[in-house]
Amino acid sequence: MHWIKKSIFGGCMAILLLIISACTGSETTSTVTNGTGNDSVAVEQTAMKSVNTVNGEVLIPKAPQRVVATYYVGELSALGIKPVGTVTRLLGEASPNLAKFTEGVVDIGETPNLEAIAGLQPDLIIATDFDGIDYETYAKIAPTVIVPWSSDDVWTKLRTFANIFGKEKEAEDFIKDYDMQAVAAKESVQDVIQADETLSIIRFFGKSIRVYGGRDIGHAFYNGLGMKPSELILEEMEKNPNFTSTEDVSLEEIAKYAADRMVVVVTDSDGDNAYKEAQKLSIWSELPAVKNNKVYEIPAKTWFTYDPISVGVTLEEAVHVLTGVVN
């Protein structure tokens with residue numbers, strides 16, 4: 001009976017250590033005895049650390065080995081972290097910018113499937129605020145960090161993940177590499193784009209249209225190449241650096257957002273058909289960019305992602321689009 005008491009006592013002490021570490025938020029490594037009575041043999045558990053999140057202080061593994069990400073695969077990839085599972089839209093052909101980083105990553109569903117996540121036995125879940133699943137539900141499976149999607153730009157968000165994973169140097173190196181890429185990209189288009197030229201980015205949604213700012217699809221043109229948006233978009237970007245797009249506007253209003261060059265996002269059949277119909281109308285044909293043959297069509301799959309990997313891909317693509325030169 002003595003060995004049973006000792007084993008129970010050892011197990012209780014291990015649980016107590018974990019509870020104390022969770023309450024204090026300090027970094028800790030705990031051990032448990034092997035239950036044989038031989039205290040010299042111990043099994044070391046994962047070192048934990050506390051991170052500040054939108055759900056307060058959360059205790060997570062210091063060096064997680066099995067990360068499930070319901071989004072943010074681009075941020076993780078930039079830091080050299082490969083998740084064990086993510087959602088369908090970030091895998092393979094659905095997300096070509098990330099395809100080489102997601103080979104072998106398990107599909108957890110079009111929207112996050114809790115059974116699929118639990119089946120992967122994650123030691124950390126990275127989630128976003130638009131999953132439709134609350135923090136408490138995720139946290140029953142594994143320690144969870146929820147990072148809001150819309151509050152920060154691509155580099156601020158990368159630094160947030162760098163802080164979570166202790167990879168600050170990797171993040172800064174990645175950003176420096178992008179900055180060098182942007183300098184080279186600007187040089188590549190300087191003979192094609194005049195300094196005072198403006199550019200608009202639009203997408204057709206049936207009979208409505210949206211015009212985009214400096215996040216998402218606009219990052220390559222406005223932030224990477226330093227091009228100027230049309231006046232109304234510039235006003236919105238100055239009011240809100242994270243401005244993504246206008247609400248729906250009609251074709252009759254599109255002239256207010258006209259620019260010297262226009263980029264049209266090719267998406268689905270409804271949007272593409274609406275674009276084809278618009279091209280038959282004088283309200284479209286009279287736009288300056290249309291008259292001067294400076295309208296460019298780009299695919300949504302490549303462009304409608306906003307992460308550290310994708311902004312590098314789209315910056316390169318922007319140079320190809322504007323110069324007509326493909327490497």
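**Exercises on a predicted model**

The structure holds one cavity of 30 Å³ or more. The model treated in these exercises is predicted.

**Exercise 1.** State what volume the largest cavity has, and determine which residues line it and how the lining divides by class.

*Solution.* Step 1: the volume of the largest cavity is about 70 Å³. Step 2: its lining is formed by Tyr71, Tyr72, Val73, Gly74, Glu75, Leu90, Leu98, Trp149, Thr305, Tyr306 and Asp307. Step 3: sorted by class, the lining of the largest cavity comprises seven nonpolar, two polar and two charged residues.

**Exercise 2.** Describe how helix 6 and helix 13 pack, and identify the residues that make the contact.

*Solution.* Step 1: helix 6 (residues 168-189) packs with helix 13 (residues 308-323) at an angle of about 5 degrees, and their axes are 10 Å apart. Step 2: angles under 35 degrees count as roughly parallel, so helix 6 is roughly parallel to helix 13. Step 3: helix 6 contributes Phe174, Tyr178, Gln181, Ala182, Ala185, Ser188 and Val189 to the contact, while helix 13 contributes Pro308, Ile309, Val311, Gly312, Leu315, Glu316, Val319 and Thr323. Step 4: by class, this contact has 10 nonpolar, four polar and one charged residues.

**Exercise 3.** Locate Asn242, decide whether Asn242 is buried or exposed, and list its contacts beyond neighbours within four places in sequence.

*Solution.* Step 1: Asn242 is found in the loop between helix 8 (231-239) and strand 13 (249-250). Step 2: the relative accessible area of Asn242 is 19%; buried means under 20%, so Asn242 is buried. Step 3: with neighbours within four places in sequence left aside, Asn242 is in contact with Ser150, Ser151, Asp152, Asp153 and Arg215.

Methods
Residues numbered from 1 in each chain as written. Predicted model: local features only at pLDDT ≥ 70, side-chain atom pairs only at ≥ 80, totals over all residues. Heavy atoms only, no water. Axes fitted to C-alpha atoms, helices over the stretch in contact; angles between N-to-C directions. Helix = DSSP H or I, 4+ residues; strand = E, 2+ residues; numbered from the N terminus. Parallel < 35°, antiparallel > 145°, perpendicular 65-115°, else oblique. Contact = heavy atoms within 4.5 Å. Nonpolar A, V, L, I, M, F, W, Y, C, P; charged D, E, K, R; others polar. 1 Å grid on protein atoms, 1.4 Å probe; cavity = no way out; pocket = protein on both sides within 12 Å on 5 of 7 lines; lining within 4 Å. Points joined across faces, edges and corners; volume = space filled by probe spheres on them. Buried < 20%, exposed > 50% of the residue type's maximum accessible area, 1.4 Å probe, protein only.
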